[in-house]
Amino acid sequence: QVQLVESGGGLVQPGGSLRLSCAASGSIFSINYMEWYRQAPGKQREWVAKITDGGSTNYVDSLKGRFTISRDNAKNTVYLQMNSLKPEDTAVYYCHAEVRLISRAYVTVWGQGTLVTVSS
């Protein structure tokens, strides 16, 4: 009923920047919050950042100042601007959202992930 599609991943050199996008589509009435997670090779998935429908943001402490989450409510899209990238930022980045459907039911949805590789 709802899909999240991430884009914007790729190969970037250390110190570079990337902007990830995640677009939601389907039977959407509203989106309460949207989040980014990441999973590095051989590690557990970790939470990165969250933005609510009102624009409030939260970040994992280790990434504050380098990553910025933003949202375009009209497009049902969330972004993750990543600056000063380091090799340890290499991971698959996943979008996650809590969506209120047209039926007024709530669902949580994951995207398929987009790979970010930071390497020289």
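The following legends describe close-up views of a predicted model. Local features require pLDDT of at least 70 and side-chain atom pairs count only at pLDDT 80 or more, while totals for chains, interfaces and linings use all residues. Residues are numbered from 1 along each chain as its sequence is written, and side-chain values use heavy atoms, with hydrogens and water left out.

**View 1. Ser 7 in strand E1.** Ser 7 belongs to strand E1 (residues 2-7); strands (E, at least two residues) are DSSP runs numbered from the N terminus. Its relative accessibility is 37%, so Ser 7 counts as partly exposed, a class lying between buried (under 20% relative accessible area) and exposed (over 50%), with a 1.4 Å probe and protein chains only. Apart from neighbours within four places in sequence, Ser 7 has contacts (heavy atoms within 4.5 Å) with Arg 19, Leu 20, Ser 21 and Thr 114.

**View 2. Strand E9 and its pairing with E4.** Eight of the eleven residues of E9 (residues 91-101) are buried, so this strand is largely enclosed by the rest of the structure. Strand E4 (residues 28-39) pairs with E9 in the antiparallel sense over ten bridges; pairing requires that DSSP finds at least two bridges between two strands. Here Ile 28 lies opposite Leu 101 of E9.

**View 3. The hairpin of E9 and E10.** Five bridges join E9 to strand E10 (residues 106-110) in the antiparallel sense, and Val 99 faces Val 107 in E10. Four residues separate the two strands of this hairpin, and Arg 104 in the turn has a positive phi of about 80°.

**View 4. E9 beside E11.** Strand E11 (residues 114-118) pairs with E9 over three bridges, in the antiparallel sense. Ala 91 stands opposite Val 116 in E11.
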